[in-house]
Amino acid sequence: MADLNKTYDPAVVEDKWYGIWEERGYFFADETRPGPRFSIVIPPPNVTGVLTMGHVLNNTLQDVLVRFKRMDGYVTLWMPGTDHAGIATQNVVEKQLAKDGLSRHDLGREEFERRVWAWKERYGSTILLQLKKLGSSCDWRRERFTMDPGLSQAVREVFVRLYEKGLIYRGQRIIHWCPRCHTALSDEEAITTEGGETGHLWHIRYPAEDGGPGVVVATTRPETMLGDTGVAVNPDDARYTDLIGKRVVLPLMERPIPVITDALVDPTFGTGAVKVTPAHDANDFDMAQRHNLPPLVIMSTDGRINENGGRYEGLDRFAARTQIVADLEARGLLVKAEPYRVPIRRCERCNTVIEPYLSKQWFVRMQPLAEPAIAAVRNGDLRLYPERWVGVYLHWMENIRDWCISRQLWWGHRIPVWYCEVCGKETVARTDPTQCAHCGSGTISQDPDVLDTWFSSWLWPFSTMGWPEETPTLRRFYPTDTLITAADIIFFWVARMVMAGYEFMGERPFSEVCFNSIVRDLQGRKMSKSLGNSPDPLDVIANYGADALRFTIVALAPPGEDVRYAVEKTDLGRHFANKIWNAARFVMMNLETQPADLATVKTATLDLPERWILSRLQTVIDDVRATFSNYRFNDGALALYQFIWHEYCDWYLELSKVALYGNDAGRKRQVQAVLLHVFEEALRLLHPFMPFATEEIWQALPLARSSDSIMIAAYPKSDPAHRDAAAEGAVGRLIDAVRSVRNIRSELGIPPNATVSIHVAADGRGDEVAAFEPYVKALAKVGTVGLLSAGERPSGEPSALVEGLGEIFVPLRGVVDPLDVRKRLEKDLAKVEKELSAAQAKLSRPDFVDRAPADIVEKEREKASTLRARQGTLQRHLAALSAES
Ligand SMILES: [Zn+2]
Ligand SMILES: [Zn+2]
């Protein structure tokens, strides 16, 4: 039997065990091992990432599930890795270069890519090392990176297949353009500000070519008028009948443009006339296509007005806006400017205002891919937890738009398309071609763009397993079982993985998706770097231990609700770890060198507390197991907390002392066996949540072990033979009885060291009172327990009712002076009543109830109710005491 230090030191214990586990290969998923298997892929953090509280929650949940499955007999794979994170990583390296006054263009593409790889080699595993600190039991031997050769081959294969199927095309479209990152973005990367942003709706007059008043159009982006090639009205709009087919003059540019009709123009919005800017608005682009209006691009890729903008050329888009509004006003063409909430999108990476921009990009036709992904969720092949995400998922899928996958970046998978200078056709190939597939010309050049980062992450569940090769890993571990992820990437990643799974593997990529909570601060704000409201998880681990952080964050995270976290809350986990540590020390101090195995103990001969704690253990085993299948990990954590802290430590350890400190050697051995058995099973139950402390303690216990580590020991299964409803009921009453006597002692001011006698009026329950006697004596400092005969009720003695047992009387005579007690109780009662009437007065004031914050009012109500209960107790005791005199 090893010794446990007096206090638990997580830092020493955690590093030691992580090293041992990894070295012994416990994290490795051996595909040749027979038996059921469980697999899960990590949501790959960006290589630029550092551990956040969001990662802590997400990875702890995955580790809890993975450790449970591993212990439960599954060959378990947790596939780890990182994402190359196109824009994010390119930005990091560009920022570094900027310090030396360089841009990526100064280096050239090849050298720049080399620099990014160098950066990745140096810093790219930071977050993985941090995940190890947290205890994550990933199969590190299989670590993947989205730009590994294997994964790059998968990306290439997928591009070619989709291209050949006609699902990838190149088109002139309005895309979201970030003028700072100089790239196109997908819908999901162009973040809409909820409720819009402060701005204006400018009403501008376009005079008729013949000198008439013309039309008034409204816009939130007046600078785009430089690119107007028409004005549209609804064909049924009587106000404009005279103008239809004629031309108006585009102010400032003095360019005549036609007035067209389109049924999609809403006559009730604004003046019913809209400007048509095909190159800078998606709807206008579609309308222009219907009417053969030419697109006119008036901005360069950095957001400046280009040569098509006349005298505004060279101005930044926002400077141009100011200038144009001023010029319109000077010409008397600005009809009005009203404050307006403008729908604006911003770049997910740099927060720059996105420009809808006409550009030639590559797209994936998504609708055919979405069909099986919709069916999967509808028919239950794929389940989402919490269920409310089903609606969100289906809505997006059913309204899916084509995915813009080309990015004007240098860091990423280069688009495998070569353009021919001779015939102008494109060659798309699995291996880099040297000549045009159409005319055989050697003068071909590769598309300079790279693919959206998510174009590799959407293949993650199978590309990490070796696809397109038919690898043993893929055969053994695909499809995966569960995906645990943050909900904010449901469209970026989850939905697309589902589509890719069905398209390329013919099968779902996972059967269940569990969306974890969002971690917020105590004020409800999402934790973020820019707000500076997120603690550094590594500091928390250093100060509290990884187990404490893991347990706390899981316990605080009910599925579907946000977590309110602050560092101090980690005390929950820290105190729990210390409690278990102290319990372990108690257990070990009270064991023989070779305690009996419970299997050798005749359980029928066990006393009540042993039968009770064994029965409770079976319930908690079933409860915790159930929480793994419905992803209510917080309930599992709290069930263990309740069982270990309150039932095992608070009550069972106390009850066990009767036998441990007694003289009956046979009983003592029984109790020791139960003490150890329950504690050891509780440790195994808790291991997925607190892997380090449970291992350290488990190794120290005097056990006949069947495995070298708790992390590969079997997860407990409940044993119906230990279910004992009668014992649970009886010990419930015993606990109530002990509590009642303790309460009376403290309420009446009986000194802790004074022994009292009690009388129990337990009509018909005499046997139970006898069974309780030794425990009540030990736990409530009772000298003798007397049984009252039927109907006998002493007067003048304070008492308490114990449901299902009877009434317990605690005579004061000989212990304290009843007169003193009465005086003190009367004083207490007067004080309580005064406080109570003050609280009641406050609560009857409408100005308080209606105007004070709800939680303050609620607190006041709770206070009043506590005071009322206390008043009742005092009155009852006083009544009993008065009956005597
Ligand atoms: Zn940007
Ligand atoms: Zn050619």
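The site of the zinc ion (ligand 1) is tetrahedral, with angles of 104 to 113° among its four donor atoms. Four donors count as tetrahedral if all angles lie between 85 and 135 degrees, and donors are N, O and S atoms within 2.8 Å of the metal (3.2 Å for Na, K and Ca), with water not among the atoms, so sites may look incomplete. For four tetrahedral donors the ideal angle at a metal is 109.5 degrees. The model is predicted: local features need pLDDT of at least 70 and side-chain atom pairs count only at pLDDT 80 or more, while totals for chains, interfaces and linings use all residues. Residues are numbered from 1 along each chain as its sequence is written, chains are lettered from A and ligands numbered from 1 in the order in which they are written, and side-chain values use heavy atoms, leaving out hydrogens and water.

The protein donors of this zinc ion (ligand 1) are the SG atoms of Cys178, Cys181, Cys347 and Cys350, which lie 2.2 to 2.4 Å from the metal. Their spacing in sequence is C-x2-C-x165-C-x2-C. Distant parts of the chain are linked in this way: Cys181 sits in the loop between strand E5 (168–178) and strand E6 (183–185), and Cys347 belongs to strand E15 (residues 345–347), 166 residues apart. Helices (H or I, at least four residues) and strands (E, at least two) are DSSP runs, numbered from the N terminus. Both Cys181 and Cys347 are buried, where buried means under 20% relative accessible area, exposed over 50% and partly exposed in between (1.4 Å probe, protein chains only).

The zinc ion (ligand 2) is coordinated at 2.2 to 2.4 Å by the SG atoms of Cys420, Cys423, Cys436 and Cys439. The four donor atoms subtend angles of 104 to 116°, so this arrangement is tetrahedral. Here the donor residues are spaced C-x2-C-x12-C-x2-C. Cys420 lies in strand E20 (residues 417–420) and Cys439 in the loop between strand E21 (426–428) and strand E22 (444–446), so the pair ties together parts that are 19 residues apart in sequence. Cys420 counts as buried because its relative accessibility is 6%; Cys439, at 39%, counts as partly exposed.

How many disulfides are there? The count is zero, taking a disulfide as a pair of cysteine sulfur atoms within 2.5 Å. For Cys404, which is in no disulfide, the nearest cysteine sulfur is that of Cys347, 13 Å away. Cys404 counts as buried, at 5% relative accessibility.

Helix H21 (residues 665–686) has 22 residues and reaches 31 Å from its first C-alpha to its last, close to the 32 Å expected at 1.5 Å a residue; the expected span is 1.5 Å times one less than the number of residues. Because 17 of its 22 residues are buried, H21 is largely enclosed by the rest of the structure. At the start of H21, a side-chain oxygen of Asp664 comes within 3.1 Å of the backbone nitrogen of Gly666.

Ser456, in helix H12 (residues 454–457), counts as buried at 2% relative accessibility. Leaving aside neighbours within four places in sequence, Ser456 is in contact (heavy atoms within 4.5 Å) with His84, Thr146, Val155 and His413. Asp237 is found in the loop between strand E10 (230–233) and strand E11 (247–250), and counts as buried at 7% relative accessibility. With neighbours within four places again left aside, Asp237 is in contact with Pro267 and Gly272.

Note on methods. Tetrahedral: all angles 85-135°; square planar, octahedral: opposite > 155°, others 65-115°. Polar contact = N/O pair within 3.5 Å; in protein donor to acceptor, adjacent residues only side chain to side chain.
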